[in-house]
Amino acid sequence: MNELAGKHILLGLTGGIACYKAADLCRALIKQGATVQVVMTQAAAQFITPVTMQALSQRPVYDSQWDSRADNNMLHITLSRAADACLIAPASADFMAKLVQGRADDLLSLLCLARPLARLPLLLAPAMNREMWAHPATQRNVAQLLADGATVLPVGQGEQACGETGDGRMLEALELLDELLAFFQPKTLVGQHVLITAGPTYEAIDPVRGITNLSSGKMGFALARAAREAGAQVSLVAGPVSLDTPRGVQRWNVRSADEMLAAVNQEIASATVFIACAAVADWRPAAAMAQKIKKTPTGLPPAIEFVENPDILATVAQSERGRSGALYCVGFAAESHDLLAQTQAKRVRKGVPLLVGNIGPDTFGRDDNALLLVDADGSSELPRNAKLVLARQLITEIAHRIGVGARS
Ligand code: CTP
């Protein structure tokens, strides 16, 4: 996806070993359709050359306010007026201290100070040794930068270039890309707690076999990401899938429908939106065998008795908060035919204000989908698109329906 098409990003590099990640970041931004203008401090040029960054960004790199290449010789004005966002990655402890003081003795700090506050957002990706990060002076500076309107991205945790282990690593290039993409999304769900179920469930027959389905979890994970991007607190209860947890999302891994219901029950009291996207197995074996079921000389297959699983969505929707509307419940319907009629009937049966229909065989495992939104007033379609795009559209719809977000 060309998610940054039309966006012009000012990528600032300050002195730190994490400059090597800025090369990848620059490529990732361009791959998403952005144009990237790199500005480096003298210290950054000790870690990575302007030549490398010029080749990757396909533009001249600036590292001095005295650079006469700009027609008006006022690079700090020209560069800061042209960009949609200024991302400093890495942001060193020293550079953040400079920003706090409003100092402007090099091109990058100068253009940060000269930027139109209301128009050019400033994002900082700190990178430093763990002691420097934890130092009260740095933490004071972070607090001041936040108060001054900057966005200070989280730091990573782990082994550092200096050999120590702790907080202060710069996020990886693709994590920074996700942070930037999230930054550009409308914040329609701030203050909401969204609880989402995703993926299949697995119902054990014996220790080595079970019943599951073809759900990949991609739609539910895309919804978790989109809800987080919209500013919500997000809890994701995931069946057995091997997908990465979206940034900033709290994940619970479960296997069976019973475990999924238990995890949902842990979170539901504080949730304001519940989205049941999981393909929950309708039945489970009445008793899972403790030992592997062996073939018998008769050649007859084992008789497996089934019991119905709890209906998680219906249970939540029928709770007091579900019925009163304090908790807005959204279900999914995975059908193979008669999508509109099946989705309408299922919405009434489940007792939810909004049910989202999709054709299971056309979406399971794929990166795209098409959705049919059915509520009490009728239906509308979200035409086939990438699951992340659909997820963002659905989150906007939900925000609109609960009256907290403007329809974009
Ligand atoms: N669901 C649930 N718990 C279940 C079964 C379904 O929470 N035990 C939720 C799903 O997450 C989805 C919705 O109910 O949001 C509809 O699921 P679906 O499998 O399409 O419908 P079923 O209720 O299972 O009905 P049927 O299989 O007869 O179509």
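This is a working chat about one predicted model.

Biologist: What should I know before I start?
Modeller: The model is predicted: local features need pLDDT of at least 70, side-chain atom pairs count only at pLDDT 80 or more, and totals for chains, interfaces and linings use all residues. Residues are numbered from 1 along each chain as its sequence is written, and side-chain values use heavy atoms, with hydrogens and water left out.

Biologist: How many helices and strands does the chain have?
Modeller: There are 15 helices and 19 strands. Both are DSSP runs numbered from the N terminus: helices are H or I with at least four residues, strands are E with at least two.

Biologist: What does the C-alpha trace span?
Modeller: About 85 × 50 × 40 Å along the principal axes.

Biologist: And how much of the chain is buried?
Modeller: Of the 408 residues, 50% are buried. Buried means under 20% relative accessible area, exposed means over 50%, and partly exposed is in between (1.4 Å probe, protein chains only).

Biologist: What share of contacts comes from residues 24 or more positions apart?
Modeller: They make up 67% of the contacts with a separation of 6 or more. A contact means heavy atoms within 4.5 Å.

Biologist: Where is Phe47?
Modeller: In the loop between strand 2 (35–40) and helix 2 (50–57). Phe47 has a relative accessible area of 43%, so it is partly exposed.

Biologist: Switching to charges. How many salt bridges does the structure hold?
Modeller: It holds 22. A salt bridge is a side-chain nitrogen of Lys or Arg within 4 Å of a carboxyl oxygen of Asp or Glu.

Biologist: Which part of the chain does Glu164 reach?
Modeller: Glu164 meets Arg130 in a salt bridge, 3.1 Å from N to O. The pair links distant parts of the chain, 34 residues apart: Glu164 is in the loop between strand 6 (156–159) and strand 7 (165–169), and Arg130 is in helix 6. Arg130 is partly exposed because its relative accessible area is 30%.

Biologist: What else sits in helix 6?
Modeller: Met132 has its place there, in residues 130–134. Leaving aside neighbours within four places in sequence, Met132 contacts Ala93 and Thr138.

Biologist: How are Arg401 and Glu397 placed in helix 15?
Modeller: They are 4 residues apart in that helix (residues 387–401), so about one helical turn separates them.

Biologist: Is Glu397 buried or exposed?
Modeller: Glu397 counts as buried, because its relative accessibility is 13%. Arg401 is partly exposed at 27%.

Biologist: What about Arg69?
Modeller: Arg69 forms a salt bridge with Asp67, with the closest N and O atoms 2.6 Å apart. Asp67 is buried at 13% relative accessible area, whereas Arg69 is partly exposed at 47%.

Biologist: Which residues are linked in a network of salt bridges?
Modeller: Glu3, Asp178, Arg225, Glu229 and Arg392.
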